[in-house]
Amino acid sequence: MTDEQQAQEAAEQKKPKLQTPPGFHDILPKDHEYFTFVKKVVRHRARQAGYRRITTPILEATEVFSRGVGESTDIVEKEMYTFEDKGGRSMTMKPEGTAGICRAYIEHGMKELPQPVELYYIEPHFRYDKPQKGRFRMFWQFGFEILGESDPALDVQCIFIAYKIFKDLGVDQNVSLQINNIGSAKSRAKYVEALVNYFIGKERSLCENCQKRLEKNPLRLLDCKNEDCMILSELAPKFAQYRSKEDADFFRSVKEFLDELGIKYTENEKLVRGLDYYSQTVFEFWDSETGAQNAVGGGGRYDGLMEIMGGEPTPAVGFAVGIERLIENMKKNGVTVPSKDDVQIFVAQLGDLAKKKCLRLIDELRDRGVRTIGALGKNSFKAQLRLADKFQVPYALILGITEVRDGTIIIRDMSKGQQRYIKMDEVVDEVVRLIGKDNLDMYSPGEIVVA
Ligand code: HAM
């Protein structure tokens, strides 16, 4: 065996046997600080704008997506986690949120609610994609959907809420809006015909994927990244020539509203999106560095989807943002989020009586909003203080046999290494003063009513 092979084998042996599957990842506590912050901003902006939260199941009947997202899309053709359940039903782990929400809108008769119905979600999704940077098999999205009305102002409202969130997260300058109008189904059909006519006879110059797309989903030829396909699509007929007056008016209004709100955009006539349900407005949020590769988010109008899903015609618009990609963008641009998990007080104790007293003390401190831990499982005093150091707490409280007898406790300033005695019944107030009112972790259970 060569040195290299030996090193490789040693490295293999070091790896734990059980690992996350390819494309899946753990969200460790440090990353949760970002996730929690993003979710907080999303919930806050959603509530301000009157959106209500919805969660659809992680598993749905496969038909929800094959019908909703479109049989000829990459998602449905190649990327779905589909299996038969024990009852012989074909089930799929949701690859995106919009089709399930339309299913829920129809199933729960949301047509009867005041329109439009405005919903948002923060959910994991699953796509059997090729794992690579920014591309996972399980990823989180937050998304917003406005169902039941058609007006260009609503498309812009969607885009605006995304921008508000990007701004709150400090990435609005690193994300650019790409926008296009792909018209109504009728004008699109005429355009697709022209597109197919143009590409026929040129098949041999197209990549393998696009040769298939030409039959099944010709619009997708426009956003292929293969060099030859790109050169050919440069000269292809442009949709603008086929856009009806109504489509053009709709697009113009969208742009006027964007201008009104001061949202910068790039008109991108090649933007068609990878899901079949769109009509009129389509848009994407691109990372300024990576562009079309790994878009941070995307969405558009989907006026025809509800009918495809078996409901009444119901116009709708929405978008979703990939949370991992968003966090990556935040980190890349040096955005940090406040850590709410740092422990503030460590309680060390010696002796059975002290341990008993600590139980109540720890509880009181926590109730007052002080993030407190106590090493109740450790009896060695030294070990407890070493642990306090590791947690990097600003203060430790130390309760030994003598202090219990005297009704006192020691407060130790960990950075200065100084300590002093204080009366046991004054310690909670003193700690609250030291930590500062603004740094307390107050939990408000809200106004519940117990019948
Ligand atoms: P989408 O463009 O397929 O749209 O996904 C939205 C975002 O989810 C992407 O821009 C990306 O940030 C993230 N994403 C997608 N796939 C992956 C992946 N494999 N790994 C990491 N992140 C990923 C939709 O899903 C539509 N349902 C959006 C929508 C809502 N349209 C109307 N309403």
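I count two residues as in contact when heavy atoms lie within 4.5 Å. The model I am reading is predicted.

Entry 1, Phe 199. I left aside neighbours within four places in sequence and looked up what Phe 199 touches. Its contacts are Leu 206, Leu 214, Leu 221, Leu 232, Ser 233 and Ala 236.

I found Phe 199, with Leu 147 and Leu 206, to have the most contacts inside the largest nonpolar core, which has 48 residues. Helix H5 (residues 98–107) gives the largest share of this core, five residues. Another core, of 45 residues, lies apart from it and includes Tyr 120, Val 156, Phe 251 and Leu 258.

I looked up which residues of H8 (residues 208–216) are buried and noted Cys 210, Arg 213 and Leu 214. They are on the same side of H8, because they cover an arc of only 110 degrees around the axis. Glu 208 and Glu 215, on the other side, are exposed. The buried residues of H8 pack against helices H4 (74–79), H7 (185–199) and H9 (227–234).

I read the strand order as S1-S5-S6-S11-S10-S9-S7-S8, an open sheet of eight strands with mixed pairing. S1 (52–53) and S8 (266–267) are at the edges with a single partner strand each, so one side of each has no neighbour in the sheet. S9 (residues 279–287) and S10 (residues 297–301) run antiparallel and are joined by five bridges. In this pair, Phe 283 is opposite Gly 299 in S10.

I found H10 (residues 245–260) lying across S7 (175–181), S8, S9 and S10. H10 runs at about 160 degrees to S7.

Conventions:
Residues numbered from 1 in each chain as written. Predicted model: local features only at pLDDT ≥ 70, side-chain atom pairs only at ≥ 80, totals over all residues. Heavy atoms only, no water. Buried < 20%, exposed > 50% of the residue type's maximum accessible area, 1.4 Å probe, protein only. Helix = DSSP H or I, 4+ residues; strand = E, 2+ residues; numbered from the N terminus. Arc of directions from axis to C-beta. Pairing = 2+ DSSP bridges. Axes fitted to C-alpha atoms, helices over the stretch in contact; angles between N-to-C directions. Core = buried A, V, L, I, M, F, W, Y, C linked by side-chain atoms within 4.5 Å.
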